[in-house]
Amino acid sequence: MDDRSYLAHRLRAGNVLVMTGAGLSTDSGLPDYRGPDGVRRVQPMTVAEFRAGAAARQRYWSRSYVGWTRFRTAEPNPAHDHLARLEGAGLLAATITQNVDGLAQRAGSRTVIELHGNLGRAICLDCRSTVDREWVQREFTRLNPAFAADAERARNLPLRPDGDVDIDESLIHDITLVHCPTCGSDLLKPDVVMFGESVPKPLVDHCFDLVAASRTLLVVGSSLGVMSGYRFARRAAALEVPIVLMNTGWSRAEEIATRHVHRPLREVLQEAVWDVLGDVPGTDSGPESGGLIPGSSDPA
C-alpha cells in the first residue's frame, strides 16, 4: 500500500490524534525552528535569562514588539484548513499543537490542545494572572514612544520562529517595561513554554491519555526534535499505535514511525481530503480527475 492509500486508510478508521509543529505554519509566513537536516536555526531566550534581569526582558520585549504586528496578521494556510475539515468530519480525535500562533483554531479546528501556550497572551511570573498580548503592545507603545518610532526601521527584518526579530541592539535605548496590571511586577512574559520551562504535568498526562485512546498518531510539520513532543511518539510506539510522520525533512521519530511521508503538507492533506471526504472546497480538481493536484505524479 503506497503512502497516499495508507494515509487515507488510517483517516477513514477515525480516532486520529494529530500533533502539529512549526512546519504547519511556514506557508502562513511563520518560519520554523529547524532546517530539513534538523539543525536548529535560532537559539531562543531561556526562561532563566528572562528572569535574570531587566536588561534581558528589555531585549526580549523590544524584539517581540517589532515582530508582533507581522506575527498576529498571519493567516491560516490550506494545510490548516484541510485539518479543520477532517476534524469537522469526525475523523480526528484532537490536535496537540506545539505551535503558539493560534492558526489551527482560526482555521476552524475546535479540539486543540496548546502544548506550549499561545503568544496571544502574556502571563505574570509573580501572580500568574494573564493579559491580552494586544494590551501589552499598546502599553509598550505608550511607555516607549521613541522606540516605537525607531522600530519602524526594523519592521522588514526577517521574522524569527518565536514571533520576534533580531533588531540592532542600538535601538534598545532606555526601554520601560510593561508591568503586570494586577500586581505591578515587571516579570510579564509571553504565555508560552520558554526553553528551560516544563509543560504542566496535568496537560502532559492528558496528552498521554489521548495517545492511548487513539487509533493513529499523525505528526504534521514537526521534526519532534525536542522531548516535549517526541515523548508522545514514544508512548504511541510503546502502545503499538501506528505513527505517520508528515514533513519534508529529518525526524527524530524516523525509526519508530510506521510511515514517513516526505511531501509538502498542503499537497498531502489536500489529497487526503479528496480521498476521504470526496472534495476540497474552492478547488477546480477533484476525485473525478484522479484526485491529483496539479503537478502531482503520485498514483491514486
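The legends below describe close-up views of a predicted model.

**View 1. Confidence across the predicted model.** The mean pLDDT of the protein is 89, and 89% of its residues reach 70 or more. Over residues 284-300, however, pLDDT stays under 50, and for this stretch the model has 27 contacts beyond four places in sequence.

View 2. Rolling a probe the size of a water molecule over the atoms shows where empty space is left. In this structure the count comes to four cavities of 30 Å³ or more, and the largest cavity has a volume of about 70 Å³. Eleven residues line the largest cavity, and the closest to its centre are D3, R4, L7, V268 and E271. Two elements, α1 (3-13) and α10 (265-277), each give two or more residues to this lining. Sorted by class, the lining of the largest cavity has six charged and five nonpolar residues, with no polar residues.

**View 3. The aromatic pair F50 and Y60.** Seven aromatic pairs are found in a search of the whole structure. In the pair formed by F50 and Y60, the ring centres are 5.7 Å apart and the planes lie at 80°, so the pair is edge-to-face. Because F50 lies in helix α2 (residues 47-52) and Y60 in helix α3 (residues 54-72), the pair ties together parts that are ten residues apart in sequence.

View 4. Ring pairs link F50, Y60 and W61 into a cluster.

Note on methods. Residues numbered from 1 in each chain as written. Predicted model: local features only at pLDDT ≥ 70, side-chain atom pairs only at ≥ 80, totals over all residues. Heavy atoms only, no water. 1 Å grid on protein atoms, 1.4 Å probe; cavity = no way out; pocket = protein on both sides within 12 Å on 5 of 7 lines; lining within 4 Å. Points joined across faces, edges and corners; volume = space filled by probe spheres on them. Helix = DSSP H or I, 4+ residues; strand = E, 2+ residues; numbered from the N terminus. Nonpolar A, V, L, I, M, F, W, Y, C, P; charged D, E, K, R; others polar. pLDDT = per-residue confidence, 0-100. Contact = heavy atoms within 4.5 Å. Phe/Tyr/Trp six-rings, centres within 6.5 Å; stacked < 30°, edge-to-face > 60°.
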